[in-house]
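Please read them with the coordinates open.

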Amino acid sequence: MTEHPVTPMPRDGGWAAYTDHARRLAALLHDERARADQRATAGRSGRAAVDQITHRLETQRLHLHQLAATLRLPEPHVGGVVPSPVPDPAEALRRAGAAAAAADTAAERAHRRAAQPPLLPGFTPLARNAVVYAAAATLGTLASVLMFAVSPDADLGRIPWQLAPWSLCGLPALAFFAGYLTIGLVGQPRIGGGGNRSMPAGGVICLVGMPILWLILIAATRG
């Protein structure tokens, strides 16, 4: 008969080493599963962040186009996607979010500036319009005085009544319409203008104030 060798049972030290290696292997497998779960979670978070920033940029692009159309400015050019020089995806997403926030801030600043008129933006509409009408009336009054000064009747000590239609009606009307047009061109905001041109105040300043000044001038020269 052939005798088969009997496999010896592992000693206690060998069994302890085996169980220690098994525990280490289980720990390695657990750590690897945890890292895989972290990578999967980071991947899902990254995709969600990319989708969010993409939606934000698309909304921002539409807002900028609408703002440019409202302000009658050239259509903004939005460049295509280029590879990021930042190797870390999280850092690249953070920088993209910061750039989008800065663009939103710049667009909001442009919107606030567009809501103010170019001329005297810190004034109330009535104060701004009154200043414009007063400036136009001042120029009209200076023109009336100049016409009075160069009139031959003034040199002869006579009242130049031929200038009365211009001084009492023509120049005040021109001053009123000059102020009205100036307010329409540079005194109205591009967004939410409202069309407030304070016509009653302009009428009082130009159509009433200028004739009174001309009559005061005539009375002063006669006195």
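Over the ring of which residue does the charged end of Arg 197 sit?

1. The charged end of Arg 197 lies over the ring of Tyr 180, at 4.4 Å from the ring centre. The criterion is NZ of Lys or CZ of Arg within 6 Å of the ring centre and within 35 degrees of the ring normal.

2. This is a predicted model, in which local features need pLDDT of at least 70 and side-chain atom pairs count only at pLDDT 80 or more, while totals for chains, interfaces and linings use all residues. Residues are numbered from 1 along each chain as its sequence is written, and side-chain values use heavy atoms, with hydrogens and water left out.

3. The mean pLDDT of the protein chain (the predictor's confidence in each residue, from 0 to 100) is 79, and 84% of the residues reach 70 or more. Confidence is highest in H5, at 93, and lowest in helix H4 (residues 152-155), at a mean of 68. Helices here are DSSP runs (H or I, at least four residues), numbered from the N terminus. Where pLDDT is low, predicted coordinates should not be read in detail.

4. Searching the whole structure gives 3 aromatic pairs. Rings of Phe, Tyr and Trp (its six-membered ring) pair if their centres lie within 6.5 Å; planes under 30 degrees apart count as stacked, over 60 as edge-to-face and the rest as tilted. Tyr 133 and Phe 176 are stacked, because their ring centres are 5.6 Å apart and their planes are at 10 degrees. This pair links distant parts of the chain, with Tyr 133 in helix H3 (residues 125-149) and Phe 176 in helix H5 (residues 164-186), 43 residues apart.

5. Tyr 133 is buried, at a relative accessible area of 0%, and Phe 176 is buried at 9%. The classes are buried under 20% relative accessible area, exposed over 50% and partly exposed in between (1.4 Å probe, protein chains only). Phe 176 also forms a stacked pair with Tyr 180, at 6.5 Å centre to centre and 25 degrees between the planes. Phe 176 and Tyr 180 are 4 residues apart in helix H5, so about one helical turn separates them. Tyr 180 is partly exposed, at 26%. Ring pairs join Tyr 133, Phe 176, Phe 177 and Tyr 180 into a cluster.

6. How far apart are the end C-alpha atoms of H3? They are 36 Å apart, which agrees with the 36 Å that its 25 residues should span at 1.5 Å a residue. The expected span is 1.5 Å times one less than the number of residues. The buried residues of H3 include Arg 128, Asn 129, Val 132 and Tyr 133. Asn 129 has 0% relative accessibility, and its side chain makes a polar contact with the side chain of Ser 198 (2.8 Å). A polar contact is a pair of N or O atoms within 3.5 Å; within protein, one must be able to donate a hydrogen and the other to accept it, and residues adjacent in sequence count only if both atoms are side-chain atoms.

7. The whole structure holds 1 salt bridge (a side-chain nitrogen of Lys or Arg within 4 Å of a carboxyl oxygen of Asp or Glu). Arg 35 and Glu 32 form a salt bridge, at 2.9 Å from N to O. Both residues lie in helix H1 (residues 12-70), 3 residues apart, about one turn of the helix. Arg 35 is partly exposed at 40% relative accessibility, as is Glu 32 at 38%.

Key. Helix = DSSP H or I, 4+ residues; strand = E, 2+ residues; numbered from the N terminus.
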